[in-house]
Amino acid sequence: MDTVIQEKKKIKGKHIQLLGVVAIVIAGISYLMLSVGGSSKIIIDKNKLQISEVKQEKFHDYINSKGKVQPKQTIYLDAVEGGRVKKIVAEEGSKVMKGEVIIELENNELYQQILNSEVALAEKENYLRNTRISFRNDMIQSKKNMLDSDYQLKRAKRNYEQQHRLLIKGLVPEEDFIKAKEDYEYQESMLEINWLKLKNDSLLQVTTMQTLEEDLIKMRETLKLVRSRLDHLKVKATTNAHLGTLNAEIGQSIQQGQHLGILYDLSDAKIIADIDERYISKVKKGLKAVFQYQNQNYSLIIDRVYPEVKDAVFKVELQFENEKPKALRTGQTTYVKINLDDPIDALTIKKGNFYSETAGRWVYVVSEDGTYAEKREIRIGAQNASKYQITKGLKAGEKVIISKYEQLGGYDKVVFE
């Protein structure tokens with residue numbers, strides 16, 4: 001009998017211990033979570049939360065985008081004339097002005113070619129001069145022959161007429177008359193021949209001299225062209241620009257057409273920016289943007305929207321509307337603020353980590369006395385880099401928890417300690 005009673009007491013003690021543990025657990029749960037009209041709540045230190053006030057203000061629908069400075073024009077420096085690098089005047093990265101010498105070359109073969117052309121031109125000029133003198137002498141001789149023929153013809157004619165009169169009177173034999181007649185006809189033919197010769201010589205002189213003059217002009221142009229190649233031995237900047245990579249060393253042999261370097265024309269620099277594809281329907285040509293450089297704002301405008309989307313981003317090209325920074329460098333990283341629309345009056349809250357958990361469908365709204373916060377459905381419209389536009393569910397002056405909601409456990413009510 002006693003043994004049975006002892007066993008019952010032992011069992012009763014175990015039940016008491018179990019009930020005590022259950023009571024402690026229930027008490028803990030009751031402290032953290034209370035049922036009030038079917039809702040739940042959590043108690044937390046308010047200082048651990050980030051709270052933002054709902055404001056009625058101008059909302060700027062914009063995005064911040066990362067871009068790079070690129071030149072309006074990239075100019076390749078190629079060797080128009082081959083040669084050996086004699087001198088490198090400009091350094092990589094330096095600013096060069098239009099016409100400024102960057103590299104000097106030398107070419108002994110070109111120098112010899114120019115000398116040969118000058119000698120050939122001198123010989124051609126000398127030949128032309130001698131030909132002109134020769135033609136002049138020939139013309140003088142032809143005119144003299146014409147003068148002699150005319151003189152002889154007049155004498156033969158006079159003798160012929162005289163012999164004809166004497167023959168009629170019977171004073172001279174007929175043979176003398178015939179001889180006089182033949183002399184006259186001969187001199188007449190000689191005059192005609194000399195006239196044809198003078199005419200042909202004159203025509204030959206004109207055509208020959210014209211041909212020689214044309215050849216001489218061509219030789220002068222050729223020499224001028226060859227001499228101009230000397231200027232090509234000086235590789236110059238074709239515009240005001242920054243000198244990029246330079247592929248030349250002193251003493252290096254350069255072939256005609258060889259690539260020597262790059263010029264970046266930053267007189268009309270542009271910015272190529274990457275934009276998230278989420279904004280592809282909003283971004284269009286003509287949108288305004290702002291670029292801040294050395295504490296000064298510069299106005300930009302989207303000049304081109306590239307159609308390709310790669311790795312969830314697309315590119316846009318922005319041009320400076322007015323002045324641009326003077327110290328820009330090609331490839332320089334920049335950040336631009338692109339305005340997607342004109343500013344509007346709207347309710348706004350600061351951006352926070354809550355969005356990643358609620359997708360902007362609801363937030364915790366702090367009570368007027370600041371002792372607790374409750375869930376409330378909202379609707380978010382546009383957003384920029386720092387704020388959300390609220391289109392439903394909140395009013396100006398209210399306060400919202402915007403920090404991460406993971407620590408709040410999804411309870412309907414948050415009570416502040």
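How many bridges join strand S1 to strand S24, and do the two strands run parallel or antiparallel? Let's take this predicted model one close-up at a time, starting with that pair.

**Figure 1. Strand S24 and its partners S1 and S20.** Strand S1 (residues 41-44) runs parallel to strand S24 (residues 413-416), and four bridges join them. Strand S20 (residues 372-377) also pairs with S24, but here the sense is antiparallel and there are three bridges.

**Figure 2. Thr348, a buried residue with a polar partner.** Thr348 sits in strand S18 (residues 344-350). With a relative accessible area of 2%, Thr348 is buried, because buried means under 20%. Its side chain still finds a polar partner, making a contact of 2.5 Å with the side chain of Glu57. Not counting residues up to four places away in sequence, Thr348 touches Glu53, Val54, Lys55, Glu57, Phe59, Lys387 and Tyr388.

**Figure 3. Asn384 in the loop between S21 and S22.** This view shows the loop that lies between strand S21 (379-383) and strand S22 (387-392), where Asn384 is placed. Is Asn384 buried or exposed? Asn384 counts as buried, at 5% relative accessibility. One is the backbone oxygen of His60, which the side chain of Asn384 reaches at 2.6 Å. The other is the backbone nitrogen of Lys387, 2.7 Å from a polar atom of the Asn384 side chain. Leaving aside neighbours within four places in sequence, Asn384 is in contact with Phe59, His60, Tyr62 and Lys351.

**Figure 4. Arg220 on helix H3.** Arg220 belongs to helix H3 and counts as partly exposed, at 40% relative accessibility. Which residues does Arg220 contact, leaving aside its neighbours within four places in sequence? They are Leu121 and Glu125. With Glu125 there is a polar contact between the two side chains, at 3.2 Å. For a sense of the fold here, compare Arg220 with Glu118: they are 102 residues apart in sequence, while their C-alpha atoms are 8.7 Å apart in space.

Figure 5. Nonpolar side chains tend to be buried together in soluble globular proteins. In this model the largest nonpolar core has 29 residues, and those touching the most other members are Leu77, Ile102, Ile103, Leu243, Leu260 and Leu263. Elements giving two or more residues to this core include helix H2 (108-169), helix H3 (174-232) and strand S8 (101-106). Strands S5 (73-78), S10 (241-246) and S12 (259-265) are also among them. Zooming in on Ile102, its contacts beyond four places in sequence include Leu77, Val89, Val235, Leu243, Leu246 and Leu263. Elsewhere, a second, separate core of 25 residues includes Trp362, Tyr364, Val365 and Leu408.

**Figure 6. An open sheet of four strands.** The strand order is S5-S12-S10-S7, with antiparallel pairing. S5 and strand S7 (95-96) stand at the edges and have a single partner strand each, so one side of each is left without a neighbour in the sheet. Where S7 meets S10, two bridges hold the antiparallel pair, and Lys95 stands opposite His242 in S10.

Methods: Residues are numbered from 1 along each chain as its sequence is written. This is a predicted model: local features need pLDDT of at least 70, side-chain atom pairs count only at pLDDT 80 or more; totals for chains, interfaces and linings use all residues. Side-chain values use heavy atoms; hydrogens and water are left out. Buried means under 20% relative accessible area, exposed over 50%, partly exposed in between (1.4 Å probe, protein chains only). A polar contact is a pair of N or O atoms within 3.5 Å; within protein, one must be able to donate a hydrogen and the other to accept it, and residues adjacent in sequence count only if both atoms are side-chain atoms. Contact means heavy atoms within 4.5 Å. A nonpolar core is a set of buried Ala, Val, Leu, Ile, Met, Phe, Trp, Tyr and Cys residues joined through side-chain atoms within 4.5 Å. Two strands pair if DSSP finds at least two bridges between them.
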